[in-house]
Amino acid sequence: MSFDGYKDKIEEGDTVILYLTITQVYCIKAEPKTLNKKGNLIENVFQTPYGALKCAELIGKYYGSKISLSKGWGYVLQPTPELWTITLPHRTQIIYTPDMSMIILQLELCPGSIVVESGTGSGSLSHGLIRAIKPHGHLYTFDFHKTRAETAQEEFKDHGLANYVTVTHRDVCENGFGDDLDNKANAVFLDLPHPWLAIPHSLKSLKQTGGRLCSFSPCIEQVQKSCLMLLKLGFQEIQTMEVLQTQYAVQQRSLPVVNLDFLKSEKDGTETEKKDREMIKTITAIPPPTQPGHTGYLTFATLPPIWARNLQISLNQDDINDAD
Amino acid sequence: MEDTESETTINVGDFLVVQRQGYTKLHKLRKHGNMVLGSFTVEMDNIVGERYSDTFQMKNMPGSKRFYILEKVDEVNSAAGCVSIEKSGADNRHIPNNADSQGLTKEDIDKLKGEELSSNNIVEQLINNSKTFNMKTEYSQEKYIKKKEKKYFEYIQIRKPSIRLLSQMFYRQDPTKTLGIRTDDLSQILSYANIHSEGNHLLYDSGTSGLMTAAITNAVGPRTTGSLIHMHPGNECQKNGFVAMQFPQEQADRCINVNLYSVLRCFYQNKGDYSGKSETVSESDANVDADNGEPSAKRTKVEGGASQKKQWQLDNERACKLLEGKVDSLVVVSKEHPVSIVKELMQFLRGGRGFVVFNSLKEPLQDLYVYLKGRVDIVSIRLSSNFMRAYQVLPDRTHPEVNMNAGVTF
Ligand SMILES: C[S@@+](CC[C@H](N)C(=O)[O-])C[C@H]1O[C@@H](n2cnc3c(N)ncnc32)[C@H](O)[C@@H]1O
């Protein structure tokens with residue numbers, strides 16, 4: 001229940017982020033007991049590289065505080081969508097913060113927006129979308145994988161976000177987003193292998209006053225098909241981009257100074273004396289030797305309001321099949 | 001979020017984003033006002049009462065050469081699709097290297113513009129009078145048409161401002177307008193600082209044309225509990241982007257603009273009693289907290305009285321009350337070196353909350369990194385969260401150096 005609203009103290013059942021180092025960040029549940037593989041209730045202990053942590057001990061601690069482990073220490077933090085994204089259990093490929101941020105800004109989301117998303121996947125993006133639109137907005141998210149949809153639903157409930165989101169198990173390319181959502185959405189987000197098949201359905205869900213659409217695809221071939229479909233259906237401002245982030249390592253380096261002045265005067269015997277070498281300190285930021293160079297292409301488009309749509313829009317099935 | 005008539009209708013007094021092909025411009029609509037768009041002066045009256053996202057054609061004003069009026073259109077004829085090309089060359093070997101390949105003079109073109117502005121027409125004339133057009137390859141013919149069309153394009157679209165449009169527009173016009181913050185930077189600042197509808201957010205901004213305040217206020221949203229304290233170094237803060245968004249009053253009121261020095265003086269010197277020393281303060285004023293709506297300024301105004309305080313004093317007091325209760329996020333976007341600012345403002349941040357510092361230079365942020373890292377050595381619970389914050393600082397200044405736009409060709 002720790003995703004909805006700022007909290008000061010950890011309560012039982014909270015999902016808590018355990019921060020050890022920049023590369024060792026974990027999510028744990030502040031619960032005294034947990035089920036083991038055999039389904040028996042056992043004490044909830046989390047093994048860290050710095051020793052075991054009894055999760056029951058977290059309850060009542062302040063978020064942001066330091067906790068001792070047998071071989072070191074860590075910090076407990078309240079989860080944000082950013083921290084969740086780097087710690088969540090992967091069930092699929094997920095969307096990371098740089099892409100997520102761009103999606104939220106480009107979809108022009110704000111509290112109160114109605115958003116349609118498919119597929120739900122591991123719910124990484126969903127958490128970011130929910131933060132952007134609550135308290136009076138709503139996210140409708142769809143996945144055709146039954147367990148993924150159910151697990152996501154559980155997770156949202158567990159995180160205290162159930163009021164802001166509806167999870168539906170459905171194939172959106174086949175069956176769309178449902179008549180209930182006709183002309184309801186401010187924005188649609190697609191992360192599917194065949195996004196162009198869901199674009200005509202998205203058009204149906206977007207408001208009469210227009211809206212924004214985003215499709216995330218790893219391959220340029222998918223992008224091409226999607227753009228064609230968007231163009232055909234009268235979407236405007238079709239733009240494709242990539243967002244990449246580089247993380248630098250800041251380091252303080254001390255470099256020795258080579259003193260050559262003594263060469264100008266004759267030897268007087270002192271140069272053989274052991275002197276402390278002069279050092280100069282410098283701060284530098286080093287980019288990583290390798291980094292992910294590509295996550296996916298983000299394609300954005302605007303659906304103009306009904307009065308400014310100048311193309312005849314056909315939802316004819318034949319038309320749709322033409323595109324692939 | 002229902003889109004009411006009034007929200008979709010273009011009214012006098014509105015801020016509009018005027019879009020002409022790739023070009024965008026922010027314009028405040030006045031009664032009988034004109035707008036200068038490239039080489040055109042356009043009378044804007046005809047768009048009043050029409051709806052956002054409508055497209056208009058620039059037409060010559062009868063009896064005047066330089067002025068254009070706008071006429072609503074339902075269809076746009078793009079030259080690229082209309083101009084018929086008779087002949088293309090296989091490559092450019094026959095194209096002479098001189099500028100004289102165009103038969104039309106500047107005067108001829110001006111005359112064409114004066115008769116009836118139609119990019120199709122002009123482009124067609126240009127092609128007919130070009131000695132080399134038919135020698136060009138199909139590809140460069142297309143490029144030529146696109147280029148010329150852009151110059152004489154007669155259609156404009158009127159858009160409602162959004163953070164996306166504003167941020168792209170400012171950055172394209174001049175990146176220094178937003179201290180170098182690009183759309184991707186902006187989006188990540190908002191994420192990493194966890195800006196959303198709840199909580200009190202603190203921003204130091206030494207001049208982003210109001211983009212930062214607009215973006216945060218937008219993310220805080222209408223009819224929510226969140227608020228923003230915006231500290232700036234000058235007498236007046238930059239507001240362009242903020243006013244362009246035309247937030248409802250209740251939402252705009254939750255962005256409190258205060259001068260950095262004056263609010264901190266108020267904080268330190270009137271500690272615990274921000275209502276001022278000599279003035280008598282009404283009950284309601286003392287009880288107001290920014291979360292429950294009506295700002296103190298309004299209430300005191302209603303009550304009147306001789307001891308009327310200046311708006312900025314009231315704003316300082318409101319801000320100080322919030323600061324005393326601590327804030328949930330901190331964003332520092334500065335021209336100045338960030339360390340001293342962060343050092344000072346950090347005290348207002350609640351434990352365990354994230355903050356983001358943006359600077360267009362890497363070096364000041366390296367210094368900041370070292371400073372923040374150093375604070376960890378003072379081992380105590382309160383400071384420990386700085387460590388985590390330092391780590392949240394890390395991603396923010398590692399914004400993408402290149403934001404590639406992958407072109408899609410068919
Ligand atoms: C890459 S994942 C989405 C990840 C998600 N954006 C995140 O950040 O966690 C793609 C999901 O789409 C679902 N999917 C694929 N085709 C679908 C369809 N036609 N209808 C509904 N869901 C579909 C898959 O089951 C998978 O879970």
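Which strands of chain A does helix H6 lie across? Helix H6, residues 195-205, lies across S12, strand S13 (211-217) and strand S17 (297-303) of chain A. The helix runs at about 165 degrees to S12(A).

Before I go on, some ground rules. This is a predicted model, where local features need pLDDT of at least 70, side-chain atom pairs count only at pLDDT 80 or more, and totals for chains, interfaces and linings use all residues. Residues are numbered from 1 along each chain as its sequence is written, chains are lettered from A and ligands numbered from 1 in the order in which they are written, and side-chain values use heavy atoms, with hydrogens and water left out.

Helices (H or I, at least four residues) and strands (E, at least two) are DSSP runs, numbered from the N terminus. Angles run from 0 to 180 degrees between N-to-C directions, with axes fitted to C-alpha atoms, for helices over the stretch in contact. Contact means heavy atoms within 4.5 Å.

Now the sheet. In chain A, 7 strands form an open sheet with mixed pairing, in the order S11-S10-S9-S12-S13-S17-S14. Two strands pair if DSSP finds at least two bridges between them. At the edges are strand S11 (165-169) and strand S14 (236-241), each pairing on one side only. On average, neighbouring strands are turned by 15 degrees against each other, direction ignored.

Strand S10, residues 138-143, runs parallel to S11(A) and is joined to that strand by 5 bridges. A:Phe142 stands opposite A:Thr168 in S11(A). Helix H3 (residues 124-133) lies across strand S9 (114-118), S10, S11 and strand S12 (187-190) of chain A, at about 160 degrees to S10(A).

Next, an annotation. An unreviewed UniProt entry places the feature "binding site" at several residues, including A:Gly123 and A:Asp191; such annotations may be inferred rather than shown by experiment, positions are in the numbering used here, and feature names are shortened. A:Gly123 lies in the loop between S9 and H3 and is buried, at 0% relative accessible area. Buried means under 20%, exposed over 50%, and partly exposed in between, with a 1.4 Å probe and protein chains only. A:Asp191 lies in the loop between S12 and H6 and is partly exposed at 27%. Leaving out residues up to four places away in sequence, A:Asp191 touches A:Ile95, A:Ser118, A:Gly119 and A:Phe216.

On to the two chains. Chain A and chain B bury about 5800 Å² between them, 57% of it on carbon and sulfur atoms. Buried area is the accessible area (1.4 Å probe) that two parts lose on being put together, summed over both. In chain A, A:Tyr6, A:Tyr248 and A:Trp307 lose the most area to chain B, together 14% of what that side buries. The contact takes 67 residues from chain A and 71 residues from chain B.

How many salt bridges does the rule find across this interface? There are 6, a salt bridge being a side-chain nitrogen of Lys or Arg within 4 Å of a carboxyl oxygen of Asp or Glu. In one of them, B:Arg159 and A:Glu237 have their closest N and O atoms 3.0 Å apart. B:Arg159 lies in strand S7 (residues 155-159) of chain B and A:Glu237 in strand S14 of chain A, so the pair joins two chains. B:Arg159 is buried at 8%, while A:Glu237 is partly exposed at 21%.
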